[in-house]
Every structure is written in structure tokens, then in C-alpha cells.
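Trainee: I would like to learn how to read a structure step by step, beginning with the whole chain and ending with single residues. Could you guide me through one?

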Amino acid sequence: MTVAEFSDPAPGAAAVPTFWVRDVPICGELALAPMAGYTDKPYRSLCRRLGAAFVVTELISADGLLHASERTRQMLAFGDDERPLAIQLFGRDAALLEAAALEVEAFAPDFIDLNLGCSVPKVTKTGAGAGLLYDPANVGRIMARLTQAVKVPVTAKIRLGPEREILNYLEVARALEDNGAALITVHGRTRHQRYNEPADWDAIAAVKQAVHIPVVGNGDVHVVADIARMKAHTGCDAVMIGRAAQGYPWFFAYRDRSDVSWEERREMMLEHLEMMVAHYGPRHGVIHFRKHVVRYLRGVPTPRGWQVHLLSLERADEVEAQLRDPQIGRSG
Ligand SMILES: Cc1cc2nc3c(=O)[nH]c(=O)nc-3n(C[C@H](O)[C@H](O)[C@H](O)COP(=O)(O)O)c2cc1C
């Protein structure tokens, strides 16, 4: 795989690199956020095709990798059409993270992303994810170890701090840069801030001022106009989109929900379903598709009880027949 092959811009993206993750060219300014349970191979592929400049896997446990389960293997699978792609790792122990990074490097991701932002108690109580933010010096040591161990660039995704009162993001960002990180994504919330509290874009701007490596801003981009607002406010090199892209890959084509017709939505859902079945198999493909379909259907008028019925179906042809029902998607 040559740089030229994997750096092909997504349709509609700039043909010349917008910025570089060390030696990996990134064409475009929108990234798909890692989202456990959502950003699997089929969905990353769709988002990349619609215009995402790079994509990130769901978070993958460094510990879990050592006893690689079938599920972990499935999470590590990706296609060349998804490049540039980062595999995201989480863990607490530097030696385990190093071993995991070496292992996933064999899958040839374009870069490896260290999760310093996950706030799920199951992860933070082990000291991983945002739990690592308590000790910026240790974050630096982990990054040094990773960057020395692997040849691909290593990046990190951070929150603003491990507690509301401990806003140490500048210290963490500098520790990451000083130890070889090639890019930092800043989710503008602390570990304890819930998603309904506004993200702090001033903090993202401060990180951008403090480091020389590319900075990706993340948090509270809901509509297409927010992309330009975040870029102007923070000066970030790219904007990472999470929830606004759930069931909505068109965000990467700079299209708001009202711009996409029912027919387009239906055809995308059917293609997505087919990809899910190919990736997970007939039964699990349909089951995993359920969480996507409810997002695609947000704002679409459907008869009472129909969605409950749709989500009870176990076969792809039954789901397809329902989505093709002429009654569905009509306004009024
Ligand atoms: C369902 C879900 C799963 C997530 N999983 C991850 C993850 O695996 N790794 C990670 O770094 N962040 C994860 N996040 C956080 C997102 O990447 C992102 O930082 C957050 O949603 C804020 O961006 P948004 O306002 O665009 O949604 C997750 C968020 C959601 C909603």
C-alpha cells in the first residue's frame, strides 16, 4: 500500500492534503469520532465514502487484545476504502499498551490512537481512558513508549480533565506533544461532564495555541453550520463528528438532515443493512443494524407501532420489505 493509494481524498474533499498526521496526508476537515457500538467497519466505510477525511475504530482494550476474542478480531477488521484509519486503544498499563500497539500495528492502520477520554465507569475505574488524565507525566511516559515501539504515528484523544476541578488539558497536551504524539483530538468536556453540558470550545482553542501538532476539535457539532463555527472559534485543523453522524453519514457531505430525501435515506439504510449482514452474518447483522436504523429514522414520520415491529424482525429481507413499504417516509 503506497501513500498515494491510501491518501485518495473522499469524494468532495480537498485533493491536496489539508494537514498531515506526521507522514500521513489528511484530505478534508471532518473526522468520524470513535463510537463504541457504532463505528464498526460498515459504518466507517460509508462515512469515509460520504466525505470523512479519516475514521477511527471503536475503542479496543489493550488487555482484551492479548486474549483476542472473536469480537476483538471483528473490531480490528477494516478495508482499504476506509483509509486513513486509526485503531483506537485503551488501557492503563504502559507495557500492555505497548504490546497491544505492536500487535495492532500488524494490521497496518494509518495511525494508532490512544484513548484518554473514555468516561465509562467500567473503563475509568481501571484507571484507563479519562482515568489516565490524573497523571500527565505518566501520560507522557506512555506516549513515549508507544511512539518508540511502533513505526506508525501515534495520536491521542483527550477530555479536558479527569474531574470538573482538574482542568489539566494544556499540561496533558504538552506532555503528549513532547513525547511524540502526531495529533491530538480534544473533546471539550471533562470526564464528569455529561453530553448535555456544552463543550468548551475555548479550551480547544487554547490547546491549538499551545502545541504545534494538528489539533482536532470535538464536541457539540450538531448541524453543518457548526463546522465552520468551531473552526473559526478554535482554529482547529479538523472537526470530529460523533452523535450528529449517528444514522447520518451525509454529515460528511456537508448536508443537514432536512436536505436528504426519504428515498436517499432508504437506499442508504438498505445498503448499510447489506454491509452489516456481510460483516456480522445474517442474524447478528440484522440485530446490530437496529441501533443504526432508529437513528436513520429520526424525524421520519412512521405509523404508530411500526418501529417496534421493525426492531423485532430478525431477517434482512423482512427489514427490507418494511423499509420499502410505500406508506413509510411520507410526510403528513
Ligand atoms: C455511543 C458513543 C460511544 C462512544 N465511544 C467512544 C470510543 O470508543 N472512544 C472514544 O474516544 N470516544 C467515544 N465516544 C465519544 C465520542 O467520540 C465523542 O468524543 C463525543 O460523542 C463528543 O462528540 P459529539 O458531540 O460530536 O458527539 C463515544 C460517544 C458515544 C455517544
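Mentor: Let us start with domains, whose bounds come from an automatic or database domain assignment. Please keep in mind throughout that this is a predicted model. The assignment for this chain gives domain 1, covering 3–255, and domain 2, covering 261–323.

Trainee: How far apart do the C-alpha centres of domain 1 and domain 2 lie, and how many residues of each domain are in contact?

Mentor: The two C-alpha centres are separated by 28 Å, and 10 residues of domain 1 are in contact with 10 residues of domain 2. On the side of domain 1 that touches domain 2, the residues comprise four nonpolar, four polar and two charged.

Trainee: Now I would like to look at helix pairs. How should I read the angle between α5 and α7?

Mentor: Angles under 35 degrees count as roughly parallel, and those over 145 as roughly antiparallel. Helix α5 (residues 94–105) packs against helix α7 (residues 136–149) at an angle of about 30°, and their axes are 9 Å apart, so α5 and α7 are roughly parallel to each other. Their crossing is right-handed.

Trainee: Which residues of α5 and α7 meet?

Mentor: From α5 come Ala94, Leu97, Glu98, Ala101 and Leu102, and they meet Arg141, Ile142, Arg145, Leu146 and Ala149 of α7. Sorted by class, this contact of α5 with α7 has seven nonpolar and three charged residues, with no polar ones.

Trainee: What angle do the axes of α11 and α12 make, and what is the handedness of their crossing?

Mentor: The axes of helix α11 (residues 262–280) and helix α12 (residues 282–296) cross at roughly 150° and come within 7 Å, and therefore α11 and α12 are roughly antiparallel to each other. The crossing of α11 and α12 is right-handed. Among the residues of α11 in this contact are Met269, His272 and Leu273, while those of α12 include His288, Phe289 and Tyr296. The contact of α11 with α12 divides into 10 nonpolar, six polar and one charged residue.

Trainee: What about α9 and α10, and at what angle do they pack?

Mentor: Helix α9 (residues 201–210) and helix α10 (residues 225–234) pack at about 50°, with axes 8 Å apart, which makes α9 oblique to α10. Trp201, Ile204, Ala205 and Lys208 of α9 make the contact with Met230, His233 and Thr234 of α10. By class, the residues of this contact are four nonpolar, two polar and one charged.

Trainee: Let us turn to the ligand. How many residues are around the ligand, and which come nearest?

Mentor: There are 22 residues around the ligand, and those that come nearest are Ala33, Met35, Leu59, Gly242 and Arg243. The shell around the ligand is made up of 10 nonpolar, eight polar and four charged residues.

Trainee: Finally, what should I look for in the backbone itself?

Mentor: The general idea is that most residues other than glycine have a negative phi, and that most peptide bonds are trans. With that in mind, look at the peptide bond from Arg83 to Pro84, which is cis, with omega near 0°. Pro84 sits in the loop between α4 (70–76) and β6 (85–90).

Trainee: And what is the phi of Ala108, and where is Ala108 found?

Mentor: Ala108 is not a glycine, yet its phi is positive, at about 60°. You will find Ala108 in the loop between α5 and β7 (111–116).

Notes:
Residues numbered from 1 in each chain as written. Predicted model: local features only at pLDDT ≥ 70, side-chain atom pairs only at ≥ 80, totals over all residues. Near = placed C-beta within 6 Å. Nonpolar A, V, L, I, M, F, W, Y, C, P; charged D, E, K, R; others polar. Axes fitted to C-alpha atoms, helices over the stretch in contact; angles between N-to-C directions. Helix = DSSP H or I, 4+ residues; strand = E, 2+ residues; numbered from the N terminus. Parallel < 35°, antiparallel > 145°, perpendicular 65-115°, else oblique. Left-handed = near helix turned anticlockwise from the far one by under 90°. Contact = placed C-beta atoms within 7 Å.
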